[in-house]
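The points below are grouped by topic.

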Amino acid sequence: MFVPTTEKERQEMLRKIGVGSFDELVGSIPEKARNPAYRLPKALTEMELARHMEALGAQNRLPLSFLGGGAQEHYIPAAVWAVALRGEFATAYTPYQAEASQGTLQLIYEFQSMVCRLLEMEVANASHYDGASALAEAVNVALLDFDGRNPGRRGAVKKVIFPETLHPHYRATLKTYFHQRADVRLECLPCPDGTLAPSVLAGYVDDSTAAVAASCPNFFGLLEPAGELCRAAHARGALFIACVDPVGMGILEPPGSYGADLAVAEGIGLGIPPSFGGPSLGLVAAKRSLLRKMPGRFCGLTADRDGRRGYVLTLQAREQHIRREKSSSNVCTNQALCATAATIHMALLGPEGLREAAELCYGLSHELASALADIPGFRLKFGGASFYNEFVLQCPQDASQAQKFLLKDDILAGYPLGADYPWLKDCLLVCATETKTRADLRRLAEAARKLPVAAAR
Amino acid sequence: MINQGEATIFEKSVPQRRAIRFPATEGLPSSKDGLPAEHRRAASAALPEASELDVVRHYTRLSQLNFSIDTHFYPLGSCTMKYNPKINDQIALGPRFSKLHPLQPDETAQGILEALFRLERALCELCGMDAFTLQPSAGAQGEFVGVLVARAYHQKRGENRTEILIPDSAHGTNPASASLGALTPISVRSNARGRLDLADFKSRLSPKTALVMLTVPNTLGLFEDDILEIAEAAHRAGALLYMDGANFNALAGLVKPGDLGVDMAHLNLHKTFSTPHGGGGPGAGPLGVKKHLEDFLPVPRVVEEAGLYRLRGDFPLSVGRVRAFFGNVGVLVRAYCYLRRHSAKEFRQISESAILHANYLKALLKPAFEAFVDEPCMHECILQTDPKRMNGVRTMDVAKRLLEYGFYAPTVYFPLIVPEAMMLEPTETESKQTLDEFARAMLAIAEEARKTPERVKAAPQSLPVKRLDEVGAARNPDLSWPGRVSSS
């Protein structure tokens, strides 16, 4: 327990308050609900807790992993968390009193600046929960923008279109966020070739389409023709939302350069460990014209009474604590500590470090893809299509079984796609980042060679 | 001197300077050969170019411009700025937890699944609930999930209820979450005692009411003493009762929300369960529900089957997924660690101390600052500045002057229904000495307001910056450092 108050002090406080006993302070709690029985385990000391968590930790295995699927592992320099975990960052809160929070505020400003530069977008907010909720919020911006541009249509159904190559969990999150909205229809387009053809998209976009969302690289690791998809959306007045890989931005075309109206990304990998899926970091950026419809917090540069540079939370008139039910989002905080880590991480990598990391991801994953595709029974499902650091590998048997078999060699070979894509039951999504060595790639290839071929193929 | 302000990292950037390098690997396929031109980045991302020391020093110096719990008393009401135990960070960031991939097969992640399962059970026990989802990333997302659960519950029963009743003292996220979930918020008046006005409440209950959303204790730091009657009326009208558990630090170990007729409640683990606020997140806002709502919780859920912990997604009535992966697991691990450090009796001591400290602080400040409701408070108290008695000094001025005394300010101008509000939450982890020092500073400021009000209105003078031009910042937003293309 972390309560410093002694019994003597407790009595002094009660006297000062002017009550005889503590119970007089909680008289408004219904008598019958007070002091119920609890069944909780006994308290552990710090040392016992450390032991208990070590024992639990030992039940978590860390095989050689080629899992990506929206949470890719990247190297985190030691300086990132050594600085981010400083109490002045970690134990502060939302910078309500700007004068006593300039550290967090300047950091968020630098974060917003780095996200803009990474994505070549005009404005970025202070961050969101994760990539999926960031996408949901971006879709909401597009819906608000559509209503603003089409005042006569208010209440009529608006379409949001995305391909099935968008992360299945992102698609599920969109459904959760919008299925109660009578004026929103989500449309998912099939992609048998692994990417969305612009001509196919053009057949679905119409004047009631508020947004087209696609990821590049997509869930299969393939590079969507994002520029052409963006143009197909714009041709009918729809906004284009790009989901991108932030580390991939070291070598891949940024969404701002092909005209995306909104861009979102999952920040796991930008100094943030996967941690079983969170805490993560949703990046949200947009064209400046959408600024006042954007959700979340913004930090702005301004001046104090002496004209000295200083930072404040700004554009708060959009936010829930002022607009309440009329605000564009219910988001209250951001993921500030994750944004702190990401900012330090990006500053340490710099343009060259980011490029090197992305280039290693490209090189290692392509070498791995060739090595695996050379093994009899295996092939790349989407053959000649361009990919970045992840690819779909067709296996000689059910992919879940293949994963299990390779796990015996302490290798997590990839993510079996059958649960999300029944037509890809024999396919693994395999990822290699800069965290892997060539020896690691060889280990996977050698283990895969031993995989028995299913009779019923 | 730090307080001359720090240049941005972009101004400190020097072309070609490097910190982190990655291993060179000869002979790997190159993106220059394989990546089609239309997918290639033309100019590299214009990130800063700096040495490792440049970066470490820059951000360390920025950190020193912050007030924080580790360095200052931080009585920010409704935020529960209690001490954050260090071991919890160490455990959560250890490789056996932080390196786990969210798509790992269940059998390789038994330790984390067991911790999450046990955390859910313990939260159920503390709240008197039957099931918990740990997925919501923050309190606001917990509210949103609660709204979706309520909609799904009523729809399953063939009822299309579209309204949600919310007191006018509520946090702004409540009505915003309602709108996001396509419910129409209806505001209910507070009475002179700072509680929900029962008559107004009952007049607004109708067959359209899906949900009643109450914060307990409420944002005035008061327990809704009519809660049993409110619950009964809501249920009689066919509505559900939701408890915003932002202020659960006053109740843990003392009262189970489930015993008060609450059907569902979210908790803010970064408040009651001590996970670091991080300068504004990440938090976690788990949602607990009674049995009749369990089937609607988000997926995936942690289950125990034949001695194996599993993540299961096949719950047909579920409202679905609310984020890409399971939740803010690193935060959940810290909360689990905190929970295991305390027995039920100790939780009760925590709540009692939080309540005692708030009432003590209120008693100390009474000579100069009026309490909005003059009754014992729970874990926080609402005081008011009276500009008429203080030569025009307002709450914002008191807050700014406090910073110069070395204390972070209380929450100010909230709840909205209290003029010149100051919301003080000292928490249980602060000592009597700190509370006494803080009270002396507050009383000194009140004295200054009478004798030298200009000193208070001009504060702060001694911090890194003076009062900032917020109007200008919003009118002409400068949100990023100029320049997009790398200099190298």
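**Overview**

Chain B is divided into three parts: domain 1 (1–19 + 43–64), domain 2 (89–340) and domain 3 (344–473). The model is predicted. Chain A has two parts, domain 1 (64–74 + 350–449) and domain 2 (78–344). In the contact between the chains, 168 residues come from chain A and 170 residues from chain B.

**Domains of chain A**

- The centres of domain 1 of chain A and domain 2 of chain A, taken over C-alpha atoms, are 28 Å apart.
- Domain 1 of chain A puts 23 residues into this contact, and domain 2 of chain A puts in 24 residues.
- On the side of domain 1 of chain A that touches domain 2 of chain A, helix H11 (336–373) and strand E12 (390–394) of chain A each supply at least two residues.
- H11(A) gives the most to that side of domain 1 of chain A, with seven residues.
- Sorted by class, the side of domain 1 of chain A that touches domain 2 of chain A holds 13 nonpolar, five polar and five charged residues.

**Domains of chain B**

- Between the centres of domain 2 of chain B and domain 3 of chain B, taken over C-alpha atoms, there are 30 Å.
- Contact between these two domains involves 19 residues of domain 2 of chain B and 18 residues of domain 3 of chain B.
- The side of domain 2 of chain B that touches domain 3 of chain B consists of nine nonpolar, eight polar and two charged residues.

- H11(A) provides 24 residues, the largest share of the side of chain A that touches chain B.
- That side of chain A divides by class into 81 nonpolar, 53 polar and 34 charged residues.

**Nonpolar core**

- In soluble globular proteins, nonpolar side chains tend to be buried together.
- The largest nonpolar core here has 321 residues, and Leu135(A), Val212(A), Ile241(A) and Val149(B) have the most contacts inside it.
- H11(A) contributes 21 residues, the largest share of this core.
- Beyond its neighbours within four places in sequence, Val212(A) is in contact with residues including Ile161(A), Phe162(A), Leu201(A) and Val205(A).
- Leu229(A), Ala233(A), Ala238(A) and Phe240(A) are also among the contacts of Val212(A).

**A sheet in chain B**

- Seven strands of chain B form an open sheet with mixed pairing, in the order E1-E7-E6-E5-E4-E2-E3.
- Strand E1 (131–133) and strand E3 (184–188) of chain B are the edge strands, each pairing on one side only.
- On average, neighbouring strands of this sheet are turned by 25 degrees against each other, direction ignored.
- Strand E4 (residues 209–215) and strand E5 (residues 240–245) of chain B run parallel and are joined by five bridges.
- Val212(B) is placed opposite Leu241(B) in E5(B).
- Helix H8 (residues 173–180) of chain B lies across strand E2 (163–167), E3, E4 and E5 of chain B, and runs at about 175 degrees to E2(B).

**Backbone exceptions**

- Most residues other than glycine have a negative phi, and most peptide bonds are trans.
- A cis peptide bond, with omega near 0 degrees, leads from Cys216(A) to Pro217(A).
- Pro217(A) is in the loop between strand E5 (209–215) and helix H9 (226–235) of chain A.
- Phe414(B) and Pro415(B) are also joined by a cis peptide bond, with omega about -5 degrees.
- Pro415(B) sits in the loop between strand E12 (411–412) and strand E13 (421–424) of chain B.
- Ser78(B), a residue other than glycine, has a positive phi near 75 degrees.
- The loop that holds Ser78(B) is between helix H3 (52–63) and helix H4 (86–92) of chain B.
- Ser78(B) is buried because 20 other C-beta atoms lie within 10 Å, and 20 or more is the cut-off for that class.
- Thr427(B) likewise has a positive phi, near 65 degrees, and lies in the loop between E13 and helix H14 (432–451) of chain B.
- Thr427(B) counts as buried because it has 27 C-beta neighbours inside 10 Å.

**A residue in helix H12 of chain A**

- Lys404(A) belongs to helix H12 (residues 399–407) of chain A.
- Lys404(A) counts as partly exposed because it has 14 C-beta neighbours inside 10 Å.
- Lys404(A) and Cys338(A) are 66 residues apart along the chain, and their C-alpha atoms are separated by 33 Å.

How values were computed: Residues numbered from 1 in each chain as written. Chains lettered and ligands numbered in written order. Predicted model: local features only at pLDDT ≥ 70, side-chain atom pairs only at ≥ 80, totals over all residues. Domains from an automatic or database assignment. Contact = placed C-beta atoms within 7 Å. Helix = DSSP H or I, 4+ residues; strand = E, 2+ residues; numbered from the N terminus. Nonpolar A, V, L, I, M, F, W, Y, C, P; charged D, E, K, R; others polar. Buried ≥ 20, exposed ≤ 12 C-beta atoms within 10 Å, placed from the backbone. Core = buried A, V, L, I, M, F, W, Y, C linked by C-beta atoms within 7 Å. Pairing = 2+ DSSP bridges. Axes fitted to C-alpha atoms, helices over the stretch in contact; angles between N-to-C directions.
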